[in-house]
Amino acid sequence: MHLHHFLQQERESILALATEGLARSPLKHYRESDEETNRERLTRLFDISVECIRTKNLIPMVEFAEKIANERYRQHFDLHEVHTAFNVLEEVIWEKITEKTDPAEYPRSFGLVSTVLGFGKESLAVTYLSLVSSKKQLKSLDLSQLFKGI
C-alpha cells in the first residue's frame, strides 16, 4: 500500500472529521472562524502532509509551518491553538489508518504521518517562539545584591 494514495482516497472523510474535531475544541480563534475557513486551513495542512509523505521530503512542511507560525502570530493565535490543529488532523489520520488498513501497515504509516506532522509542529513552535522572544525585551536577573558581603 502507498500511504499517500490511501490518504488521497480518504481525503474528504479525513477533512470532514478533522474540521468537526477542530470545531469541538475550545480554541478561541478557530471557534471564531467559520467552518469553511477552518476546513481550508486543514486542507492546506493535509495536502502538504500528503505531498511530504509521497516525496519523502520534509522541506515543504518546514516552510509551510514557518509561514503559518508567522501568519498566526500576527493574527494573535496562541501557539497551542495552532499546535492543536496539527494534532486534530494527525489523530483523524491515525483513526482512518487503523479503521481501513491492515495492522501490518500501522508502524510504517504511523511513522510517516508522525514524522511529517511532528516536523511541522517543531518548525511551527521554533518559529513562533522566536517571534515571541524578538518582540519582548527579555531581562536577565540582577543577582549582584545576593553576593554583596561575600
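Gln8 lies in helix H1, which covers residues 3–9. This is a predicted model, in which local features need pLDDT of at least 70 and side-chain atom pairs count only at pLDDT 80 or more, while totals for chains, interfaces and linings use all residues. Residues are numbered from 1 along each chain as its sequence is written, and side-chain values use heavy atoms, with hydrogens and water left out.

**Overall make-up.** The chain has seven helices and zero strands. Its pattern along the sequence is α-α-α-α-α-α-α. Helices (H or I, at least four residues) and strands (E, at least two) are DSSP runs, numbered from the N terminus. Of the 150 residues in the chain, 41% are buried. Buried means under 20% relative accessible area, exposed over 50%, and partly exposed in between (1.4 Å probe, protein chains only). Contact means heavy atoms within 4.5 Å. Among contacts between residues at least 6 apart in sequence, 77% join residues at least 24 apart.

**Around Gln8.** Gln8 counts as partly exposed, at 43% relative accessibility. Leaving aside neighbours within four places in sequence, Gln8 is in contact with Phe46 and Val50. Gln8 and Asp47 are 39 residues apart in sequence, yet their C-alpha atoms are 8.8 Å apart in space.

**H4 against H6.** Two packed helices are described by the angle between their axes and the distance between the axes. Helix H4 (residues 35–55) packs with helix H6 (residues 79–100) at an angle of about 60°, and the axes are 11 Å apart. Axes are lines fitted to C-alpha atoms, for helices over the stretch in contact, and angles run from 0 to 180 degrees between N-to-C directions. The crossing of H4 and H6 is right-handed. That term applies if the near helix is turned clockwise from the far one by less than a right angle; anticlockwise is left-handed. H4 contributes Leu42, Leu45 and Phe46 to the contact, and H6 contributes Ala85, Phe86, Leu89 and Ile93. These residues divide into seven nonpolar, no polar and no charged. Ala, Val, Leu, Ile, Met, Phe, Trp, Tyr, Cys and Pro count as nonpolar, Asp, Glu, Lys and Arg as charged, and the others, Gly among them, as polar.

Buried residues of H6 include Ala85, Phe86, Leu89 and Ile93. Glu81, Glu90 and Lys96 are also among the buried residues of H6. The 22 residues of H6 should span 32 Å at 1.5 Å a residue, and the end C-alpha atoms are 32 Å apart, which agrees. The expected span is 1.5 Å times one less than the number of residues.

**Salt bridges.** The structure holds 10 salt bridges. Each is a side-chain nitrogen of Lys or Arg within 4 Å of a carboxyl oxygen of Asp or Glu.

| Pair | Closest N to O distance |
|---|---|
| Arg11 and Asp47 | 2.9 Å |
| Arg54 and Glu51 | 2.7 Å |

Asp47 is partly exposed, at 31%.

Arg54 and Glu51 both lie in H4, three residues apart, about one turn of the helix. Arg54 is partly exposed at 43%, and Glu51 is partly exposed at 33%.

Lys96 and Glu99 are three residues apart in H6, so about one helical turn separates them. Lys96 is buried, at 6%, whereas Glu99 is exposed, at 52%. Salt bridges that share partners join Glu10, Lys96, Glu99 and Lys100 into one network.
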